[in-house]
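I opened my notebook for this one and kept the entries in the order I looked things up. Have the structure on screen while you read along.

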Amino acid sequence: MFYHLHLRSRFLQTLILALIGFTFYVYYRTTVNDVQQYSLLRNTSHSAYQEGSHMYANVSMDMRLTSTLKNSSSDSVSLSLYETHNVSNPLISITTLSTSSSAQFSSSLMSTSVSSKQNEKFQTTKVANMTRPAPIAVRDDKARAIYEFGHTVSVPERCPNEGENMDLVVIVMSAPTHLEARTAIRQTWGHFGQRSDMSVLFMLGTTLDPTVKAILRKEQHMYNDVIRGRFLDSYSNLTLKTISTLEWVDTYCSKVKYVLKTDDDMFINVPRLLAFIYKHAKSRNVIFGRLARKWKPIRNRKSKYYVSQTQFQQSVFPDFTTGPAYLLSSDTIHRLYDAALNQTYLKLEDVFTTGIVAHKLGIKRSHANEFLNKRIQYTACNIQRGISIHMVKYSEQFDLWKKLLDGKSKCK
């Protein structure tokens, strides 16, 4: 009985080995045929193939990065890059072959001759392109790539004759939902906007909320003092809001003497501000405000203020005036606007505009003590001495307005 079992075991072992051998033979013949088909489509060396595989991975990543930018720009750049490198489906399929098959594929490709000069030129250009990184990240991270020009609402009549006879235009950065803040400003310090030598306007982006849209239409019809840029209103787009402000002044109010950029949680002592402007009437090429010196970029990805090495490489920012309020001489507007569009985008608008861009242009940033840009104790003398006070709630605007107009306080 044991003898029969032994013979049967040897027979089964032989049969299994034969089946395994036949399977490998079929796989080998199939793989060779597949590789020969690919060798008819492409003509390059094994090293070029490896570089091409890495290149395709890099191109795919660049395309994904570019897709976050403006659609029209992204599509044209991605398509151009795809056509330049001629990334094809066979390359994707080849990367799935085994190591041994890749070696056979390499020798098969090397044995194939180039049939035309046009193919030679294509291969030379292609391999040369593989040796240098695609310049998408360098070219498309500029603000121009994501900024949409123009305004949906422009109210140019609020700056007659391009501001030729105006000393000041105040543009308040606001959000679509901040109707109460805008109303409080109109009823307090924004009342000075009725003077012929100055205007007070609000800058907003777009909103997707139909209810808010309807409210904004009514507000515009009633006050006609809101500028609407072509960007989605959000914290990440504050720099776009500032660029849109620069574009509006450059287009409709270029002859005004000074421009104050401020926020809707600020109280502005307009009489003190006008006195400051008259004192510096002859100043040129300058931005006044509260100067921030030697600030370092935050590299913590979890931070709201995170700045990557790609966005800004240096370890220290150029000195800049803090964002709640700063005053620009009008001769800086066009240059800042033009240079900002060609600068790597950074969502920290004050660092971007009054720091990085202004520094490159050689625009002076001057510290002025009257720009407080912080919350202070609300005494009548504190309010009367400063130009700008930060973190003011809309309900507090009326209290500060009353104390500004208080003629009883005797301040040193």
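**Entry 1: strand 7 and its partners.** I began with how strand 7 and strand 9 (residues 364-367) are joined, and I found a parallel pairing over four bridges. This is a predicted model, so I read each entry below with that in mind.

I then followed strand 7 to strand 8 (residues 320-329), where the pairing is antiparallel and has five bridges. Here L291 has T321 of strand 8 as its bridge partner.

Is strand 7 enclosed or open to the outside? Six of the seven residues in strand 7 (residues 286-292) are buried, so the rest of the structure largely encloses this strand.

**Entry 2: strand 8.** I stayed with strand 8 and looked for another partner. Strand 5 (residues 258-263) runs antiparallel to strand 8, and five bridges join the two. How many residues of strand 8 are buried? I noted ten of ten, so to speak a mostly covered strand.

**Entry 3: the nonpolar cores.** Next I asked which residues have the most contacts inside the largest nonpolar core. They are V169, I171, I243, W248, L336 and L346, in a core of 42 residues. At least two residues of this core come from each of strand 2, strand 3, strand 4, helix 10, strand 7, strand 8, helix 12 (333-341) and helix 13. There is also a second, separate core of 39 residues, and F192, M198, F202 and I383 are among its members.

Setting aside neighbours within four places in sequence, I found L346 in contact with T239, V307, Q311, F317, V351, F352 and I356.

**Entry 4: helix 10 against helix 13.** I looked up the packing of helix 10 (residues 238-252) on helix 13 (residues 349-361): the angle is about 45 degrees and the axes are 8 Å apart. The two helices are therefore oblique to each other. On the helix 10 side the contact uses L238, T239, T242, I243 and L246, and on the helix 13 side E349, F352 and T353. Sorted by class, this contact has four nonpolar, three polar and one charged residues.

**Entry 5: S174 and helix 8.** I went to S174, in the loop between strand 2 (168-173) and helix 8 (179-187). Is S174 buried or exposed? Its relative accessibility is 3%, so S174 counts as buried; the cut-off for that is under 20%. Beyond its neighbours within four places in sequence, S174 is in contact with R182, F202, M203, L204, D233, K241 and D264.

R182 is also one of the buried residues of helix 8, along with A181, A184, I185 and R186. I checked what the buried residues of helix 8 pack against, and noted strand 2, strand 3 (198-206), helix 9 (210-223), strand 4 (226-232) and helix 15 (397-404).

**Entry 6: two positive phi values.** I looked for residues other than glycine with a positive phi, and wrote down two. E162 has a phi of about 60 degrees and is not a glycine. E162 sits in the loop between strand 1 (151-153) and strand 2. With 35% relative accessibility, E162 counts as partly exposed.

N373 also has a positive phi, near 50 degrees, and is not a glycine. I placed N373 in the loop between strand 9 and helix 14 (380-385). N373 is buried, with a relative accessible area of 9%.

**Entry 7: the whole chain.** I counted 15 helices and ten strands as the secondary structure of the protein. Of its 412 residues, 44% count as buried. What share of the contacts between residues at least 6 apart in sequence joins residues at least 24 apart? That share is 79%.

Note on methods. Residues numbered from 1 in each chain as written. Predicted model: local features only at pLDDT ≥ 70, side-chain atom pairs only at ≥ 80, totals over all residues. Heavy atoms only, no water. Buried < 20%, exposed > 50% of the residue type's maximum accessible area, 1.4 Å probe, protein only. Contact = heavy atoms within 4.5 Å. Axes fitted to C-alpha atoms, helices over the stretch in contact; angles between N-to-C directions. Parallel < 35°, antiparallel > 145°, perpendicular 65-115°, else oblique. Nonpolar A, V, L, I, M, F, W, Y, C, P; charged D, E, K, R; others polar. Pairing = 2+ DSSP bridges. Core = buried A, V, L, I, M, F, W, Y, C linked by side-chain atoms within 4.5 Å.
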